[in-house]
Amino acid sequence: MAKTIDSTHPLLRLLLLLLAAGTGLVSATDHIVGGHFGWNPNINYTLWSNNQTFFVNDLISFRYQKNMYNVFEVNKTGYDNCTMDGVAGNWSSGKDFITLTRPGDYYFICGNGLCFSGMKVSIKVIPLPSPPVSPSHSPSGHSPSAAGSYRTPLAGLFAIAVSIGFWI
């Protein structure tokens, strides 16, 4: 006879809460350009981007009034001179989400002439941190660095889930 699981069981609720909390540890970040100011003229996007850390697979999103502004990905020359040099993409929905698929520099401008009013942003995307090295494989015998250790809690959550699963 199959054993049924009572969805109101306190341990099951705890497990679901822990799993829900852990999912954000490995998900990509959505960087809203300009924060609450959005994509508008006369904003210091250099200051904004310098206060962000962009990883591969993060999103950069542009929020602006549709039909007034747009977004073009250009090369460094296009960025420096506010021209369409090296256009690699363009968006105009007013709520544009762009996945940062590779490490390196990205350059975005507004193509409606407002680049000269500061509507441009450059960002540097870095690779994801390496997964932690297990202590038994560490060449120096020291613990691995914290780089990449943000993924470790998922293993702990999985172990808890398995343990709770046996009790229910």
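1. Start with Phe62. Phe62 counts as buried because its relative accessibility is 0%. Buried means under 20% relative accessible area, exposed over 50%, and partly exposed in between (1.4 Å probe, protein chains only). Trp39 also counts as buried, at 0% relative accessibility.

2. A word on the source. This is a predicted model: local features need pLDDT of at least 70, side-chain atom pairs count only at pLDDT 80 or more, and totals for chains, interfaces and linings use all residues. Residues are numbered from 1 along each chain as its sequence is written, and side-chain values use heavy atoms, with hydrogens and water left out.

3. Now the rings. The structure holds 7 aromatic pairs. Rings of Phe, Tyr and Trp (its six-membered ring) pair if their centres lie within 6.5 Å; planes under 30 degrees apart count as stacked, over 60 as edge-to-face and the rest as tilted. Trp39 and Tyr45 make a tilted pair, 5.1 Å centre to centre with 50° between the planes. Both Trp39 and Tyr45 are buried.

4. Trp39 lies in the loop between strand 1 (30–32) and helix 2 (45–50), and Phe62 in strand 3 (residues 59–63), so the pair ties together parts that are 23 residues apart in sequence. Helices (H or I, at least four residues) and strands (E, at least two) are DSSP runs, numbered from the N terminus.

5. Look at the wider group. One aromatic cluster is formed by Trp39, Tyr45, Phe62, Trp91, Tyr106 and Phe108.
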